[in-house]
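Subject: A structure for you to look at

Hi there,

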Amino acid sequence: MLKSFFLSHPRACGESYAAHARVALGVSATLFGAAFAALVHAVAPPLFKTTASRTVIRLYPVMAARNAQARDEATAPD
């Protein structure tokens, strides 16, 4: 059961646990950077005016494509 908990989602995405973790950590680091820029912008509005929004705009197509690929692989006939 514990093995299934950690491996079922990465396998559904067609990835190993390590590969999925690398992608998830990369997305996390990117979003943390955007969140930090938004925090600084909240305190000092002239700084990082578009950093968070540009990051989300850049990240969205990447995530949408990965989700579409995983969905296609999950529904492909064997």
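This is a predicted model: local features need pLDDT of at least 70, side-chain atom pairs count only at pLDDT 80 or more; totals for chains, interfaces and linings use all residues.

First, some ground rules. Residues are numbered from 1 along each chain as its sequence is written, and side-chain values use heavy atoms, with hydrogens and water left out.

**The overall fold**

The protein chain has three helices and zero strands, where helices (H or I, at least four residues) and strands (E, at least two) are DSSP runs numbered from the N terminus. Read from the N terminus on, the order of elements is α-α-α. The radius of gyration of the protein chain is 17 Å, well over the 12 Å that the globule rule gives for 78 residues, so the chain is more spread out than a compact globule. (That radius is taken over C-alpha atoms, and the globule rule is 2.2 Å times the number of residues to the power 0.38.) Along its principal axes, the C-alpha trace spans about 55 × 25 × 15 Å. Buried residues account for 15% of the 78 residues; buried means under 20% relative accessible area, exposed means over 50%, and partly exposed lies in between, with a 1.4 Å probe and protein chains only.

**Helix H2**

Helix H2 covers residues 17-43. Its 27 residues should span 39 Å at 1.5 Å a residue, and its end C-alpha atoms are 39 Å apart, which agrees. The expected span here is 1.5 Å times one less than the number of residues. Which residues of H2 are buried? They are Ala-19, His-20, Val-27, Ala-34, Ala-37 and Val-40.

Leu-31, in H2, is partly exposed at a relative accessible area of 39%. From Leu-31 to Pro-46 there are 15 residues in sequence and 20 Å in space, C-alpha to C-alpha. Ala-38, also in H2, is partly exposed at 34%. Ala-38 and Val-27 are eleven residues apart in sequence, with 16 Å between their C-alpha atoms.

**Beyond H2**

Phe-48 sits in the loop between H2 and H3. Its phi is near 50°, a positive value in a residue other than glycine, and Phe-48 is partly exposed with a relative accessible area of 42%. Further along, Thr-55 belongs to helix H3 and is buried, with a relative accessible area of 9%. Thr-55 and Phe-32 are 23 residues apart in sequence but 10 Å apart in space, C-alpha to C-alpha.

**An aromatic cluster**

How many aromatic pairs does a search of the whole structure find? There are two. Rings of Phe, Tyr and Trp (its six-membered ring) pair if their centres lie within 6.5 Å; planes under 30 degrees apart count as stacked, over 60 as edge-to-face and the rest as tilted. Phe-5 and Phe-6 have ring centres 5.1 Å apart and planes at 90°, so this pair is edge-to-face. Phe-6 and Tyr-17 also form an edge-to-face pair, 6.2 Å centre to centre with 75° between the planes. Because Phe-6 lies in helix H1 (residues 2-12) and Tyr-17 in helix H2, that pair ties together parts eleven residues apart in sequence. Together, ring pairs link Phe-5, Phe-6 and Tyr-17 into a cluster. Phe-5 counts as exposed at 63% relative accessibility, while Phe-6 is partly exposed at 40% and Tyr-17 partly exposed at 45%.

**The largest pocket**

The largest pocket has a volume of about 190 Å³. On a 1 Å grid over the protein atoms alone, a pocket is an open set of points where a 1.4 Å probe fits, with protein on both sides within 12 Å along at least five of seven lines, and lining residues have an atom within 4 Å of a point. Grid points are joined across faces, edges and corners, and the volume is the space filled by probe spheres set on the points.

The lining includes His-9, Cys-13, His-20, Met-63 and Arg-66. H2 and H3 (51-75) each supply at least two lining residues, and the largest share, five residues, comes from H3. By type, the lining divides into six nonpolar, four polar and two charged residues. Here Ala, Val, Leu, Ile, Met, Phe, Trp, Tyr, Cys and Pro count as nonpolar, Asp, Glu, Lys and Arg as charged, and the others, Gly among them, as polar.
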